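Welcome! Here is a short tour for anyone meeting this structure for the first time.

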Amino acid sequence: MSLFFRQSMTVMVKDLRSEFRSKEAINASLSFAIVILLMFSFAFDPSSDAIKEMSGGLLWIVFAFAGALILNRSFARELANDCLDALVSSPVSGAALFFGKSLANLVLLVGIEMLCFPVFGIFYGVEWWKQLDSLFLVVVLATWGLTVIGTMFSALTVNLRLRELMLPMLLYPMMIPALMAAMQLTTALISGQPLTGDAYTWLRLLIGFDIIFTALSLALVETVLVR
Amino acid sequence: MPSSAALHVDQVYKFFGDYPALRDVSYSLEPGACLALLGRNGAGKTTLLRILSGLSKPSKGQVLVFGHDSREQATRAKIGVLGHGIAIYDELSAVENLKLFANLYGLSNPQQQAMKWLERTGLERVADSLVREFSRGMRQRLAVARAFIHEPSLLLLDEPFTALDDRAIAVLQSLLADAKKDGRTIVMSTHQLREALELATDVALINKGKLAFKGERTQEMVDDPAYIYRSYGDL
């Protein structure tokens with residue numbers, strides 16, 4: 001395994017281990033997601049067919065808000081005891097540090113999203129599992145986009161006092177293309193439509209978004225970390 | 001530029017907005033030297049150490065560590081940093097913390113290295129305990145182990161004796177004496193003049209961001225640690 005991936009894996013394992021022990025971000029994010037799903041179920045008639053048509057939008061609004069709680073902690077976790085200084089002064093490249101943190105955030109976010117789907121199914125009476133493999137692919141691709149931009153902005157805002165506010169303000173406008181694609185694709189898949197035609201175009205947009213922002217973030221993160 | 005220098009600082013400036021934290025700092029340090037970096041609070045010692053360790057970029061000027069830019073990965077592997085924060089993770093155990101840094105520094109057999117440094121700092125019995133359960137002194141000793149684990153050629157220590165308990169001071173003094181004996185280069189900012197001057201081969205005084213004095217440590221300085229401030233600082 002190359003040095004880059006070995007260092008990224010080390011950072012990812014460290015972040016996941018810390019988070020699973022403290023459960024700070026997991027508990028906050030998961031309980032927030034479930035409460036929002038519950039509250040939306042009071043606002044809409046769960047028995048109506050229309051719920052399938054807006055299922056993608058509803059789910060991704062929940063995932064985006066709950067995700068910000070995980071992403072906010074990503075670099076903020078390093079502030080205690082000045083751990084970020086030790087990481088930045090070690091021979092780990094900024095790109096490897098960023099990639100490892102992004103992978104850890106991806107695992108946490110996808111885990112929370114996977115727990116939200118059954119809750120969504122119960123509250124709204126939707127059979128969301130009909131195209132499980134395609135749905136999983138869309139969830140991972142869209143979450144990677146959210147994760148990459150969120151981790152980058154987490155690094156950028158880590159020293160700000162109002163970082164909890166700044167991260168969503170920077171993150172959501174940037175995420176609009178990926179969120180639109182994720183909403184369209186999720187709605188289509190839950191409604192039983194295949195990934196062809198328009199849906200395929202949205203899928204390509206999502207993949208392109210991920211590639212562009214991953215490359216940009218890997219190239220720019222060193223500048224963000226060392227000022 | 002002296003190619004043999006462990007550290008070469010050439011006309012370094014650092015501005016925070018319009019405020020000049022460092023002004024025209026130039027210095028060279030030979031391998032194996034131990035520099036006591038002195039100065040009042042806010043003089044620019046920490047800013048200089050952050051630039052030397054690659055945590056911050058100079059606004060102007062150049063810093064070379066063993067002839068290379070301090071942000072190069074290979075150069076960073078030769079530097080050990082002990083800053084104001086202990087830089088260890090509360091949610092990990094002592095051995096997990098040291099293994100993490102051993103892995104990041106690419107050491108072979110991280111477990112063995114971690115246990116070796118836990119023994120050297122007297123923490124082997126609590127190797128598997130979470131750091132959040134440690135006393136302040138134990139955390140400080142673990143921080144020292146973290147900074148030394150990759151046996152760096154250049155040690156950058158920012159007020160290393162501040163807030164340490166007696167045992168941590170003893171551990172650090174012993175490790176620094178060993179490091180000096182092994183020919184490692186040490187740069188240490190401190191307000192504990194007596195401890196620093198006993199160890200130092202060179203002394204530099206920063207005053208309001210400028211290098212007010214640089215030179216070899218003399219017996220006069222050891223006998224009267226305030227001498228250097230009286231002669232070159234604002235007393």
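Two residues are in contact if their C-beta atoms, placed from the backbone, lie within 7 Å. By that rule, and leaving out residues up to four places away in sequence, Leu98(B) touches Ala114(B), Trp117(B), Leu118(B), Ala145(B), Arg146(B) and Ile149(B). Please keep in mind that this is a predicted model.

Leu98(B) also belongs to the largest nonpolar core, which has 145 residues. Along with Ala182(A) and Leu35(B), Leu98(B) is among those with the most contacts inside that core. Helix α6(A) supplies the largest share of the core, 13 residues.

Next, follow α6(A) to one of its helix partners. Helix α1 (residues 3-22) of chain A and helix α6 (residues 94-124) of chain A have axes that come within 7 Å and cross at roughly 45 degrees. That angle makes α1(A) oblique to α6(A). The crossing of the two is right-handed. On the α1(A) side, the residues that meet α6(A) include Phe4(A), Met12(A) and Leu16(A), while α6(A) brings, among others, Phe99(A), Leu103(A) and Val107(A). The residues of this contact divide into 12 nonpolar, four polar and three charged.

Finally, look at two loop residues. Asn81(A) sits in the loop between α4 (55-76) and α5 (83-89) of chain A, and Asn109(B) in the loop between α3 (94-104) and α4 (110-120) of chain B. Each has a positive phi in a residue other than glycine.

| Residue | Phi | Other C-beta atoms within 10 Å | Exposure |
|---|---|---|---|
| Asn109(B) | near 55 degrees | 10 C-beta atoms within 10 Å | exposed |

How values were computed: Residues numbered from 1 in each chain as written. Chains lettered and ligands numbered in written order. Predicted model: local features only at pLDDT ≥ 70, side-chain atom pairs only at ≥ 80, totals over all residues. Axes fitted to C-alpha atoms, helices over the stretch in contact; angles between N-to-C directions. Helix = DSSP H or I, 4+ residues; strand = E, 2+ residues; numbered from the N terminus. Parallel < 35°, antiparallel > 145°, perpendicular 65-115°, else oblique. Left-handed = near helix turned anticlockwise from the far one by under 90°. Nonpolar A, V, L, I, M, F, W, Y, C, P; charged D, E, K, R; others polar. Core = buried A, V, L, I, M, F, W, Y, C linked by C-beta atoms within 7 Å. Buried ≥ 20, exposed ≤ 12 C-beta atoms within 10 Å, placed from the backbone.
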